[in-house]
Amino acid sequence: MSPRSAVKSPKPRSDFFTLAPVVHQMSDLCEPLLSDPARKVFEPGCGTGNFLVEALSRRLQKLTTPHEALTALSNLYGVDINPDYLAEARVRLKSILLRHFSEQPLDYRFLPLVDLFLQSNLIQGDLIRNYEDLVFIDWQLISDYNFRAVPARLGDMLKNSISAENDSENNYA
């Protein structure tokens, strides 16, 4: 499905979709941080998730278990104003996970957590008008398939990221 075929919104927009070779080259510039499953990646104006798809694909190359993939997915975030694009981004990310683990049995908790992370981490919003008010969930791994949900405003996440730029505890790429 092409990004354009997903558009159902009646109101015309000036949409731009980054081409795959450009996404790949830009992602290369973000290595090794982008491939680190513990790092948080935020894609503003994520559209159909081209950069998030690339980040997840790179992360999955390093991972062997569905449990590890959940941690990688829980650290991907995106915002877009168009709900149709967000729906397609969610489908694309979930499809990558299912293809990657098609030969493995999945724990009964895997798919509900995938859906939960995709719904809470890819949100509809207007970054120009209200970025400080956008609320994401910071998923903190407790054990196996248990995560703690900690609400975090995007403005706070960005401020913490910038102030901790040289801190080894900084988990934002």
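Helix H2 (residues 50–60) lies across E1, E2 and E3 and runs at about 170° to E2. Here contact means heavy atoms within 4.5 Å, and axes are lines fitted to C-alpha atoms, for helices over the stretch in contact, with angles running from 0 to 180 degrees between N-to-C directions. Helices (H or I, at least four residues) and strands (E, at least two) are DSSP runs numbered from the N terminus.

The model is predicted: local features need pLDDT of at least 70, side-chain atom pairs count only at pLDDT 80 or more, and totals for chains, interfaces and linings use all residues. Residues are numbered from 1 along each chain as its sequence is written, and side-chain values use heavy atoms, with hydrogens and water left out.

**Sheet and helices**

The open sheet holds 3 strands in the order E1-E2-E3, with parallel pairing. Two strands pair if DSSP finds at least two bridges between them. E1 and strand E3 (122–124) are the edge strands, each with a single partner strand, so one side of each has no neighbour in the sheet. From one strand to the next the twist averages 15°. Strand E2 (residues 76–80) is joined to E3 by 3 bridges, and the two run parallel. Val79 has Ile123 in E3 as its bridge partner. Helix H4 (residues 83–100) lies across E2 and E3, at about 170° to E3.

**Asn50 in helix H2**

Asn50 is found in helix H2. With 15% relative accessibility, Asn50 counts as buried; the classes are buried for under 20% relative accessible area, exposed for over 50% and partly exposed in between (1.4 Å probe, protein chains only). Its side chain reaches the backbone oxygen of Thr18 at 3.0 Å. The side chains of Asn50 and Arg92 are joined by a polar contact of 2.7 Å. A polar contact is a pair of N or O atoms within 3.5 Å; within protein, one must be able to donate a hydrogen and the other to accept it, and residues adjacent in sequence count only if both atoms are side-chain atoms. Leaving aside neighbours within four places in sequence, Asn50 is in contact with Phe17, Thr18, Val23, Glu43 and Arg92.

**Salt bridges**

A salt bridge is a side-chain nitrogen of Lys or Arg within 4 Å of a carboxyl oxygen of Asp or Glu. By this rule the count is 8 salt bridges. Among them are the following.

| Pair | N to O distance |
|---|---|
| Arg58 and Asp28 | 2.7 Å |
| Glu31 and Arg58 | 2.9 Å |
| Arg109 and Asp107 | 2.8 Å |

In the salt bridge of Arg58 with Asp28, Arg58 lies in helix H2 and Asp28 in helix H1 (residues 20–29), so the pair ties together parts that are 30 residues apart in sequence. Arg58 is buried at 8% relative accessibility, whereas Asp28 is partly exposed at 40%. Glu31 lies in the loop between H1 and strand E1 (41–44), so its pair with Arg58 in helix H2 ties together parts that are 27 residues apart in sequence. Glu31 is partly exposed, with a relative accessible area of 28%.

Arg109 is found in the loop between H4 and helix H5 (110–121). Arg109 and Asn146 are 37 residues apart in sequence, and their C-alpha atoms are 9.4 Å apart in space.

**Aromatic pairs**

The structure holds 5 aromatic pairs. Rings of Phe, Tyr and Trp (its six-membered ring) pair if their centres lie within 6.5 Å; planes under 30 degrees apart count as stacked, over 60 as edge-to-face and the rest as tilted. Phe42 and Phe136 form an edge-to-face pair, 5.9 Å centre to centre with 85° between the planes. This pair links distant parts of the chain, with Phe42 in strand E1 and Phe136 in strand E4 (residues 135–143), 94 residues apart. Phe42 counts as partly exposed at 26% relative accessibility, whereas Phe136 is buried, with a relative accessible area of 0%.

Tyr77 and Phe136 also form an edge-to-face pair, at 5.3 Å centre to centre and 90° between the planes. Tyr77 is in strand E2 and Phe136 in strand E4, 59 residues apart. Tyr77 is buried, with a relative accessible area of 2%. Ring pairs link Phe42, Tyr77 and Phe136 into a cluster.
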